[in-house]
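Work through the exercises below with the sequence and the model open side by side. Try each task before reading its solution.

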Amino acid sequence: MEDISSYVQKNKERFIGELIELLRIPSVSADPAFSQDVLNTAEAVKESLLQAGCDHAEVCDTPGYPIVYGEKTVDAALPTVLVYGHYDVQPPDPVELWESGPFDPVVKTTEIHPEGAIFARGACDDKGQMYMHVKALEYMVKNNTLPCNVKFMIEGEEEVGSESLEWFIKRNQEKLKNDVILISDTGMISNSQPSITTGLRGLSYVEVEVTGPNRDLHSGLYGGAVANPINVLTKMIASLHDENNHITVPGFYDKVEEISAEERAEMAKAPFSIEKYRNALNIDEVYGEKGYTTSERSSIRPTLDVNGIWGGYIGKGAKTVIPAKAYAKISMRLVPDQDWVEITELFKKHFESIAPQGVKVEVKPHHGGQAYVTPIDNIGYQAASKAYNDTFGIIPIPQRSGGSIPIISLFEKELKSKTILMGFGLDTDAIHSPNEHFGIFNYLKGIETIPLFYKYFTELYNSDSRL
Ligand code: BES
Ligand code: MN
Ligand code: MN
């Protein structure tokens with residue numbers, strides 16, 4: 001039997017080459033212009049699963065983009081790991097800020113990735129991290145070391161709200177039956193200090209529309225005499241935070257889980273340099289809710305941010321106009337035990353109530369999801385911890401992340417199993433930004449660590465069930 005690290009070393013170039021081919025397909029789920037590419041990516045993922053040794057793999061139709069399902073059964077008496085990932089990616093915009101084409105992957109070294117990183121949209125989020133699982137399976141099947149059963153569920157709408165996945169899960173409970181869900185779609189602290197994500201924030205995403213007069217008006221003739229929807233919208237948005245950067249929506253904090261001083265002290269032990277953080281972003285100071293640290297603000301506290309705002313004249317030169325309408329996209333990151341449907345309602349009610357006379361305000365909810373926390377006393381977490389310890393030589397730190405994978409809370413509800421988040425990306429990998437990349441070190445370490453998760457999970461599962 002060949003050990004995983006020598007298998008990875010021997011096949012390294014091929015692993016990188018295969019991922020690069022997958023990254024060439026622009027599977028942007030948000031933009032219908034790419035729909036054929038999204039479908040082609042699903043086919044490519046299915047083929048890769050068959051090649052890696054799945055007994056069976058299929059592209060399952062849904063009302064939206066398909067879900068790639070694959071499985072390899074070793075023995076029905078053994079536990080089953082369900083791997084989730086996504087093959088869709090964020091739009092590459094703004095394209096002019098990329099140093100190489102977003103779908104023309106290149107390998108370059110960086111300060112943080114001296115061994116090189118693959119630059120492309122989706123390199124880290126999530127094609128690269130998803131593909132680690134495919135290659136880990138290849139190794140285990142080839143070397144006859146797969147210790148349990150495995151199922152794959154790779155979706156194509158994660159970046160746009162996972163609507164079809166919800167549809168799929170509700171109809172395929174039996175097919176998706178599992179003992180633990182394993183996901184690599186998050187990050188870790190650094191390559192010398194791995195961490196396991198134990199929490200993700202929930203999300204409520206809304207669009208707001210402010211309507212003033214029935215047409216765009218001459219700003220000289222009407223300015224100062226009728227409400228300008230952009231002036232009004234920006235004032236309304238500004239009022240959503242108070243002087244301490246608390247969110248002013250009534251009831252917003254009512255259900256927020258209060259974290260004990262002990263737990264906060266424990267969390268504060270994770271290595272974090274405010275200086276490096278500022279330098280990496282080229283900002284002179286951080287900003288946020290009074291009474292909380294930067295790490296807390298971006299993990300255990302809820303937030304409200306404008307993601308986009310538009311209206312009026314934004315073309316070349318100047319045009320003197322009072323626009324008829326103004327718009328904004330607003331997202332709220334939520335923490336346990338806020339309910340995203342309730343928060344969306346509270347926001348809608350409040351935002352409509354603060355509209356001054358002279359305008360109409362409409363709040364349109366988009367999508368959302370609940371926050372998620374993984375307890376660290378379950379065998380899935382322990383197996384992951386042992387696996388990282390073996391490959392990195394250091395025990396990983398449990399850490400909550402600020403990002404969201406809203407569908408996870410639904411996994412728990414519908415499939416009744418816990419999710420383990422074994423992420424290998426770094427915060428500096430620029431996911432959703434221009435020049436997204438994924439370290440070769442991280443990619444290969446992921447491939448080496450995953451088989452150990454299977455091994456330890458199966459061992460712990462067996463000793464647990466003998467009790
Ligand atoms: N993989 C990310 C989420 C993530 C990244 C969590 C890094 C933790 C660390 C996922 O693809 C994502 O981008 N989720 C969206 C939500 C979705 C509904 C669009 C997010 O967090 O904005
Ligand atoms: Mn992702
Ligand atoms: Mn993403």
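The model is predicted, so local features need pLDDT of at least 70 and side-chain atom pairs count only at pLDDT 80 or more, while totals for chains, interfaces and linings use all residues. Residues are numbered from 1 along each chain as its sequence is written, chains are lettered from A and ligands numbered from 1 in the order in which they are written, and side-chain values use heavy atoms, with hydrogens and water left out.

**Exercise 1. The manganese ion (ligand 2)**

Task: Find which protein atoms coordinate the manganese ion (ligand 2).

Solution: 
- Step 1. Donors are N, O and S atoms within 2.8 Å of the metal (3.2 Å for Na, K and Ca); water is not among the atoms, so sites may look incomplete.
- Step 2. The search gives H86 (NE2), D125 (OD), D185 (OD) and D185 (OD), at 2.0 to 2.4 Å from the manganese ion (ligand 2).
- Step 3. Along the chain, these donors follow the spacing H-x38-D-x59-D.
- Step 4. H86 belongs to strand β3 (residues 80–86) and D125 to the loop between β5 and α3, so the pair ties together parts 39 residues apart in sequence. Helices (H or I, at least four residues) and strands (E, at least two) are DSSP runs, numbered from the N terminus.
- Step 5. H86 has 0% relative accessibility and counts as buried. Buried means under 20% relative accessible area, exposed over 50%, and partly exposed in between (1.4 Å probe, protein chains only).

**Exercise 2. The manganese ion (ligand 3)**

Task: Say what makes the arrangement around the manganese ion (ligand 3) irregular, and which residue bridges it to the manganese ion (ligand 2).

Solution: 
- Step 1. The protein donors of the manganese ion (ligand 3) are D125 (OD), E159 (OE), E159 (OE) and H432 (NE2), at 2.1 to 2.5 Å.
- Step 2. Angles of 55 to 154° among the six donor atoms make the arrangement irregular. Four donors count as tetrahedral if all angles lie between 85 and 135 degrees; four count as square planar and six as octahedral if opposite donors are over 155 degrees apart and all others between 65 and 115; anything else is irregular.
- Step 3. D125 is the bridge between the manganese ion (ligand 3) and the manganese ion (ligand 2), which are 3.6 Å apart.
- Step 4. D125, in the loop between β5 (117–119) and α3 (127–142), and E159, in the loop between β6 and α4 (163–171), are 34 residues apart.
- Step 5. D125 is buried at 8% relative accessible area, and E159 is buried at 16%.

**Exercise 3. Strand β2**

Task: Identify which strands pair with β2 and how many of its residues are buried.

Solution: 
- Step 1. Two strands pair if DSSP finds at least two bridges between them.
- Step 2. Strand β1 (residues 56–60) runs antiparallel to β2, with five bridges; C60 stands opposite I67.
- Step 3. The hairpin from β1 to β2 passes through six residues.
- Step 4. Strand β6 (residues 149–155) also pairs with β2 in the antiparallel sense, over five bridges, and M153 in β6 is the bridge partner of Y69.
- Step 5. Five of the six residues of β2 (residues 67–72) are buried, so the strand is largely enclosed by the rest of the structure.

**Exercise 4. Backbone angles**

Task: Locate the cis peptide bond at D126 and state whether N144 is buried or exposed.

Solution: 
- Step 1. Most residues other than glycine have a negative phi, and most peptide bonds are trans.
- Step 2. The peptide bond joining D125 and D126 is cis, with omega about 0°; D126 lies in the loop between β5 and α3.
- Step 3. N144, not a glycine, has a positive phi of about 55°. N144 is in the loop between α3 and β6 and is exposed, at 73% relative accessible area.
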